[in-house]
Amino acid sequence: MSRIGVVAVPPRSRAAIREIAHLVRDVVKCTVPKFPIVEVLEHALPTLFPRYVLEICDFAEMGANHGLTYPEEWRIKIREDIYERACDDEGRDRMTLAHELGHLILHQKVAFARMPPDATVPVYMDSEWQANCFGGELLMCARHVHRCRNASEAERLFGVSSQAASTQWEAYKRDGIIEG
C-alpha cells in the first residue's frame, strides 16, 4: 500500500488493542486458535452491522492498494487477488483482511490528522500501526499462544505468515505473555 504521510489517530496501547481483538473474538464466538477472518467479513459483520459493506475489487480499481477501509461508511474494499488468497488461507493475505477490519473497528468516529510524509508521530498514534497490531492480536490470539513453543508453531496454528508470527511472538515475549 502506498502512503502519503502518516495518519495520526487517538492513542491506543497494544494492551488496549489486544482487549478489543479479544472482544471481537467473543462477539463472533470464536473459541478456536485460527480466526475465520473471511467468514467474519462475509457473514458475521453484515449481521452485526447492517450498514457494513465488503467490496471485492479488481486490480484496475485498487492498483497497488491491497485493501482500503472507510470507517465512516462501514465499508471495506479488498483487491480481488488478495481476497482469493485469503480464502485459500494465505497468511499474508489473511493479515490484510484483519488489518482492514482493524481500521473499521478502531477508527470509527475518529478525527484523522494526515501528517506530511516526513512527519513523525508516536507509533501508538499511527493508524497503520494500530491496524497492524489489531490484525496480529486478532489472528494470533494471546489466549491460545501458550499452545506453541515458538513462532514457527504459531505460524501453523494460527494461519499467519512467518513475519506476522515472529512479530507477534516478540510482542508477547515483551509483554510477558510467553516466556522468552
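1. Two strands count as paired if DSSP finds at least two bridges between them. Helices (H or I, at least four residues) and strands (E, at least two) are themselves DSSP runs, numbered from the N terminus. With that in hand, look at the hairpin of β3 and β4: four residues lie between the strands, and Trp-74 takes a positive phi near 55° there.

2. A word on what you are looking at. This is a predicted model, in which local features need pLDDT of at least 70 and side-chain atom pairs count only at pLDDT 80 or more, while totals for chains, interfaces and linings use all residues. Residues are numbered from 1 along each chain as its sequence is written, and side-chain values use heavy atoms, with hydrogens and water left out.

3. Strands β3 and β4 run antiparallel and are joined by four bridges. If you trace the pairing, you will find Gly-67 opposite Ile-78 in β4. Strand β3 (residues 67-70) also has two faces: Gly-67 and Thr-69 are on the covered one, Leu-68 and Tyr-70 on the uncovered one.

4. Now the loop residue. Trp-74 sits between β3 and β4, and its positive phi occurs in a residue other than glycine. Is Trp-74 buried or exposed? Its relative accessible area is 15%, so Trp-74 is buried (buried means under 20% relative accessible area, exposed over 50%, partly exposed in between, with a 1.4 Å probe and protein chains only).

5. Asp-89 has one of about 70°, although it is not a glycine. At 42% relative accessibility, Asp-89 counts as partly exposed.

6. Side chains of opposite charge can pair when their charged atoms come close. Which residue forms a salt bridge with Asp-89? The partner is Lys-34, with the closest N and O atoms 2.8 Å apart (a salt bridge is a side-chain nitrogen of Lys or Arg within 4 Å of a carboxyl oxygen of Asp or Glu). Lys-34 lies in the loop between α1 (14-27) and α2 (37-48), and Asp-89 in the loop between α4 (80-87) and α5, so the pair ties together parts that are 55 residues apart in sequence. Lys-34 is partly exposed, at 31% relative accessibility.

7. Arg-75 and Glu-55 meet through their side chains at 3.1 Å, N to O. This pair links distant parts of the chain, with Arg-75 in strand β4 (residues 75-79) and Glu-55 in strand β2 (residues 53-57), 20 residues apart. Arg-75 is buried at 18%, whereas Glu-55 is partly exposed at 24%.

8. Elsewhere, salt bridges that share partners join Arg-14, Arg-18, Glu-137 and Asp-175 into one network. The count comes to 13 salt bridges.

9. What about the cysteines? A disulfide is a covalent bond between the sulfur atoms of two cysteines. How many disulfides does the count give? The count is zero, with a disulfide taken as a pair of cysteine sulfur atoms within 2.5 Å. For Cys-87, the closest cysteine sulfur is in Cys-57, 14 Å away and too far for a bond. For Cys-133, the closest is in Cys-141, at 13 Å, again too far for a bond. Cys-87 is partly exposed at 39% relative accessibility, while Cys-133 is buried at 3%.

10. Finally, the largest pocket holds about 560 Å³ of space. Of the 21 residues that line this pocket, Arg-92, Met-95, His-99, Asn-132 and Gln-163 are the closest to its centre. The elements giving two or more residues to the lining are α5 (91-106), α6 (127-139) and α8 (162-174), and α5 gives the largest share, six residues. (On a 1 Å grid over the protein atoms alone, a pocket is an open set of points where a 1.4 Å probe fits, with protein on both sides within 12 Å along at least five of seven lines; lining residues have an atom within 4 Å of a point. Grid points are joined across faces, edges and corners, and a volume is the space filled by probe spheres set on the points.)
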